[in-house]
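Student: I have a structure to go through and some questions about how its parts pack. Can we take them one at a time?

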Amino acid sequence: MKAISGSLGGIMEASCLQPIDVIKTRLQLDRSGNYKGILHCGATISRTEGVRALWKGLTPFATHLTLKYSLRMGSNAVLQSAFKDPETGKVSGHGRFLSGFGAGVLEAVIIVTPFEVVKIRLQQQRGLSPELLKYKGPVHCARMIIREEGFCGLWAGVAPTVMRNGTNQSAMFTAKNAFDVLLWKKDEGDGRVLQPWQSMISGFLAGTAGPICTGPFDVVKTRLMAQSREGGGVLKYKGMIHAIRTIYAEEGLLALWKGLLPRLMRIPPGQAIMWGVADQIIGLYERRYLQLSTL
């Protein structure tokens, strides 16, 4: 049920917040200062490429979020069950943190990296005319990457993605549970169903810390995923550490947090939307299950 609830929440989040993700990607790939900020970037894309360009990469993004949240919520539940105290049935803060990190690593390797490689390659293309675009769509993009760069090309940037997602999810699951208890006196598995607005507040707050802590990993991930070996060219970035050093040397320390504001505009609201949906499904299932089990 947690896997299903996560997938439904992911569909809702992708549909609402895709334009912010496109703007974030363009800002992170902007080395020459073409965009002056979030609003200027969004306005420039709309004016020069059309409003539909703000939803570029929606298909892989929505599919990626649906599968990612399904795996994240399901694997976190399985891992938490391994850390439960056999007597009380409760999960310690340490166990919750490790479960979240494990779920983040799994989603990064299995789902997030290949989908984000395709999404970023689509988003960095300018214009909407199919004949002028190298990649015609998600499937064509994946095929071209495999043909030109090999199967491993779909896993470009996997190291910073693992670091980003593992850290994000360990913090997010721990914080979400803490805010539920602190704000609403809601313990996991108690059968209570939070109001959607309560879940959204907890989810929003829980989703705030991750982007700040993992900004450099996200920028490096985007740069590694965006570069290709087209024409047998040499790759600018050789790996995660080399990319961090190069960006710092060429663009300064703050460049490692490029796109932070659109990430903060997307991730916390995205977590609010996802948890608003997921908590309703999980809570109703828990209440019904607990009621039946006590009869």
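Tutor: The model is predicted. Before the helices, one definition: axes are lines fitted to C-alpha atoms, for helices over the stretch in contact, and angles run from 0 to 180 degrees between N-to-C directions.

Student: How is α9 oriented relative to α10: roughly parallel, roughly antiparallel, oblique or roughly perpendicular?

Tutor: Helix α9 (residues 215-226) packs against helix α10 (residues 240-251) with the axes 10 Å apart and an angle of about 100 degrees. Angles of 65 to 115 degrees count as roughly perpendicular. Therefore α9 relative to α10 is roughly perpendicular.

Student: How many residues of the contact of α9 with α10 are charged?

Tutor: On the α9 side the contact is made by Phe217, Val219, Val220, Arg223 and Leu224, and on the α10 side by Met240, Ala243, Ile244, Ile247 and Glu251. Eight of these residues are nonpolar and none is polar. The number of charged residues is two.

Student: What type of aromatic pair do Phe173 and Trp275 form?

Tutor: The ring centres of Phe173 and Trp275 lie 6.2 Å apart, with the planes at 90 degrees. Planes over 60 degrees apart count as edge-to-face. So the pair of Phe173 and Trp275 is edge-to-face.

Student: Is Trp275 buried or exposed?

Tutor: Phe173 in helix α6 and Trp275 in helix α11 are 102 residues apart in the chain. Buried means under 20% relative accessible area. Trp275 has 6% relative accessibility, so Trp275 counts as buried.

Notes
Residues are numbered from 1 along each chain as its sequence is written. This is a predicted model: local features need pLDDT of at least 70, side-chain atom pairs count only at pLDDT 80 or more; totals for chains, interfaces and linings use all residues. Side-chain values use heavy atoms; hydrogens and water are left out. Helices (H or I, at least four residues) and strands (E, at least two) are DSSP runs, numbered from the N terminus. Angles under 35 degrees count as roughly parallel, over 145 as roughly antiparallel, 65 to 115 as roughly perpendicular and the rest as oblique. Contact means heavy atoms within 4.5 Å. Ala, Val, Leu, Ile, Met, Phe, Trp, Tyr, Cys and Pro count as nonpolar, Asp, Glu, Lys and Arg as charged, and the others, Gly among them, as polar. Rings of Phe, Tyr and Trp (its six-membered ring) pair if their centres lie within 6.5 Å; planes under 30 degrees apart count as stacked, over 60 as edge-to-face and the rest as tilted. Buried means under 20% relative accessible area, exposed over 50%, partly exposed in between (1.4 Å probe, protein chains only).
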